[in-house]
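Let's take a walk through this structure together. Keep the sequence and the 3D view side by side as you read.

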Amino acid sequence: MEYLKVRTTEGEEIVFEREPVASGGEKVVFFSKDHKHVVGFFFGKLDDPHERRTRVRKIVGDYNPTTSGAQADYWVKHFCWPTAIVDGAKHLPAEFVRRHNLCNPILGVVCPAYRSNFFFRDRTNNVREKKGRWFTGLKARKLLPDDEKGDFLRYVQCCSIMATAVRRLHFAGLAHSDLSHNNVLIDPKHGDACVIDIDSLVVPGLAPPSVLGTPGYIAPEVVTGKALPSIETDLHALAVLIYETLLLRHPLQGPKIHSKSPEEDELLAMGQNALYIEHPTDKSNHPKEAPEIPVARLGSHLEGLFQKTFVDGLHNPRMRATASEWEKALTK
């Protein structure tokens, strides 16, 4: 195994593997030599390098709930929060920088590696991260070992932790901006969850959103271009996550056809014409076969919040249920 070295802005040396472990929309990620941390380097051209550096410094420092306070140990478990910054690394091999199209000057973040319970071996014996899509996608679930699927109580616990973590972000005035089953790890075997991809947070008065979100979780007002990611759009994504996790279906993906063009149909179904598949009065997007477990089976507390978000608040963001309301309802 070949290794490279970089120094953080605090002067700590990080030795990391030369081959990436993952790549996303903005960063390419490498394991540290001891596999206790990962280093994520931004690639491509940053729209505003100064703003991005300021954002990352604020997130690692001022807004970091994992470094101080009575609940720091709790937040360490349920956020994969960046712990250090790599700003400039002139000694990295030019070939390495070129191959991964790293931004110039180099900018990266160091994060703790995911806890061991957020990995599993699928039925083909490949090691996978426990991103939520493994547990809510019907095809993906078939690759899960039976002992990883958990039971309903564990899924409720996963959702409760998600809501608590999002509530903590919103309490500080921060928006995640890309909540989705790609950016939340869940462990239904133990009723555990962790919010990841923290370095793209929307910081009030400082850092605008750098991504619009993940299709299927983007709020209708963002899909239609009327708004940018914010706390209110997070609340739409959080409700989608909870609905999918508990009921294994998407709350807006019904049979109603909006356009002959598949691309336009998808935009309308998630944006301008978005309609809840269990809308109490407009049944035009209800599934042709009634779901085996309707939302009402979850009880009045959760059913009411889904209606608040996907009926009252679907096209009126201020009406959506807050993360705190979800946290309380899931506890009840």
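Does Phe119 count as buried, partly exposed or exposed, and what is its relative accessibility? Phe119 counts as partly exposed, because its relative accessibility is 28%. Here, buried means under 20% relative accessible area, exposed means over 50%, and partly exposed is in between (1.4 Å probe, protein chains only). Before going on, a word on ground rules: this is a predicted model, where local features need pLDDT of at least 70, side-chain atom pairs count only at pLDDT 80 or more, and totals for chains, interfaces and linings use all residues. Residues are numbered from 1 along each chain as its sequence is written, and side-chain values use heavy atoms, with hydrogens and water left out.

Now for the rings. The structure holds 18 aromatic pairs. Rings of Phe, Tyr and Trp (its six-membered ring) pair if their centres lie within 6.5 Å; planes under 30 degrees apart count as stacked, over 60 as edge-to-face and the rest as tilted. Phe119 belongs to one of these pairs: with Tyr114 it makes a tilted one, 6.2 Å centre to centre and with 35° between the planes. Tyr114 is partly exposed too, at 23% relative accessibility. Phe120 pairs with Trp134, and this pair is edge-to-face because the planes are at 80°, with the ring centres 5.5 Å apart. That pair links distant parts of the chain, since Phe120 is in strand β8 (residues 119-121) and Trp134 is in helix α4 (residues 133-136), 14 residues apart. Helices (H or I, at least four residues) and strands (E, at least two) are DSSP runs, numbered from the N terminus. Phe120 is buried at 3% relative accessible area, and Trp134 is buried at 7%.

Elsewhere, ring pairs gather Tyr243, Tyr276, Phe306, Phe310 and Trp326 into a cluster. Two of those names come back when you look inside: the largest nonpolar core has 58 residues, and Leu246, Phe306, Trp326 and Leu330 have the most contacts within it. A nonpolar core is a set of buried Ala, Val, Leu, Ile, Met, Phe, Trp, Tyr and Cys residues joined through side-chain atoms within 4.5 Å. Elements giving two or more residues to this core include α6 (152-171), α8 (231-247), α10 (300-312) and α11 (323-331). A second, separate core has 17 residues, among them Val29, Leu46, Val109 and Ile196.

Pick out Trp326 and look around. Leaving aside neighbours within four places in sequence, Trp326 is in contact (heavy atoms within 4.5 Å) with residues including Ala163, Leu238, Ile242, Leu302 and Phe306. Helix α6 also holds Met162, which is buried with a relative accessible area of 1%. Not counting residues up to four places away in sequence, Met162 touches Val184, Ile186, Ala193, Leu238, Leu241 and Thr245.

What about the cysteines? A search of the whole structure finds zero disulfides, a disulfide being a pair of cysteine sulfur atoms within 2.5 Å. For Cys159, the closest cysteine sulfur is in Cys158, 6.8 Å away, so the two are too far apart for a bond. Cys194 has its closest cysteine sulfur in Cys80, at 5.6 Å, which is also too far for a bond. Cys159 is buried at 0% relative accessible area, and Cys194 counts as buried at 5%.

Asn183 touches His176, Asp178, Cys194, Val195, Ile196 and Asp197, not counting residues up to four places away in sequence.

Asp197 lies in the loop between β11 and α7 (220-223). His35, in the loop between β4 (27-31) and β5, likewise has a phi near 60°, and it is partly exposed at 40% relative accessible area. Then there is a cis peptide bond joining Asn104 and Pro105, with omega about 0°. Most residues other than glycine have a negative phi, and most peptide bonds are trans.
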